[in-house]
Protein chains: 2
Amino acid sequence: MKISHIEHIGIAVESLETAIPFYEKALGLKCYAVEEVAEQKVKTAFFKVGETKIELLESTDPEGPIGKFIEKKGPGMHHLAFAVDQVDASLEDAEANGVRLIDKKHRNGAEGLKIGFLHPKSTFGVLTELCGHE
Amino acid sequence: MKISHIEHIGIAVESLETAIPFYEKALGLKCYAVEEVAEQKVKTAFFKVGETKIELLESTDPEGPIGKFIEKKGPGMHHLAFAVDQVDASLEDAEANGVRLIDKKHRNGAEGLKIGFLHPKSTFGVLTELCGHE
């Protein structure tokens, strides 16, 4: 697998309405998109920081993945996404190196990207996403 | 404050000895430095990913900050560090915007950087570091 950069960092927040002003006013970053992803039961807000994005995630359902994460661990960093050249081949590559996968094949993510998750049990507690255009 | 990019992501691990091979072999990243920071009661390992670094943190003392973090939340992402042009001025700027600070003035961090932390109570659960050369 060939990782070029960190594509984004997903951060679980209790409320976009209160978190966005912190990132905009206190940190001086600009929110360029807010999007609801019904399938993941989240509302998201995106900020660009150099070559990386920050993706704030507000749960729309306590039973969704972000709702459960916040209940268990509190708000904070939720996942780390690496940009790779080929997502399916990279997932296969990870599995061949003994990594447990959440996704054996890519699914379609935000912004037209192909995405796949490695299991945090295999990644030392960090929910790790691979994403890319191919 | 002017953030240019994400300088590094700090990840708490139980053991560098087992985590480094995952980052090197499964993700294909290269560990370029291992360093003990006695003051912080950690051993660190650094990887470069595009313009960002991943800093793995192993506690050398259960009473240190990483030891306590792992006891409370388990291993995983610990802090997020933004590169800023002027660290002290950026800390002042954050405080003027109502952010609670851990460090009112910078201290000296790894790799010759000046660093200062914002308090996670003010940053929606993400322990946030500002760092830079000035």
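Tyr32(B) is partly exposed, with a relative accessible area of 39%. Partly exposed here means between the two cut-offs: buried is under 20% relative accessible area and exposed is over 50%, with a 1.4 Å probe and protein chains only.

Some housekeeping. This is a predicted model: local features need pLDDT of at least 70, side-chain atom pairs count only at pLDDT 80 or more, and totals for chains, interfaces and linings use all residues. Residues are numbered from 1 along each chain as its sequence is written, chains are lettered from A and ligands numbered from 1 in written order, and side-chain values use heavy atoms, leaving out hydrogens and water.

Aromatics next. How many aromatic pairs does the structure hold over all chains? Eight. Rings of Phe, Tyr and Trp (its six-membered ring) pair if their centres lie within 6.5 Å; planes under 30 degrees apart are stacked, over 60 edge-to-face, the rest tilted.

Tyr23(B) and Phe47(B) make a tilted pair, 5.4 Å centre to centre with 40 degrees between the planes. This pair links distant parts of the chain: Tyr23(B) sits in helix H1 (residues 16-26) of chain B and Phe47(B) in strand E3 (residues 42-49) of chain B, 24 residues apart. Helices (H or I, at least four residues) and strands (E, at least two) are DSSP runs, numbered from the N terminus. Both Tyr23(B) and Phe47(B) are buried.

Back to Tyr32(B). Tyr32(B) and Phe46(B) form a tilted pair, at 6.0 Å and 40 degrees. Tyr32(B) belongs to strand E2 (residues 31-37) of chain B, Phe46(B) to strand E3 of chain B, 14 residues apart. Phe46(B) is buried, at 3% relative accessible area.

Last, helix H1 of chain A. Its buried residues are Leu16(A), Ala19(A), Ile20(A), Phe22(A), Tyr23(A) and Ala26(A). These pack against strands E1 (3-13), E2 (31-37), E3 (42-49) and E4 (52-59) of chain A, together with strand E7 (114-118) of chain B. Contact means heavy atoms within 4.5 Å. After H1(A) comes Gly28(A), with a positive phi near 75 degrees.
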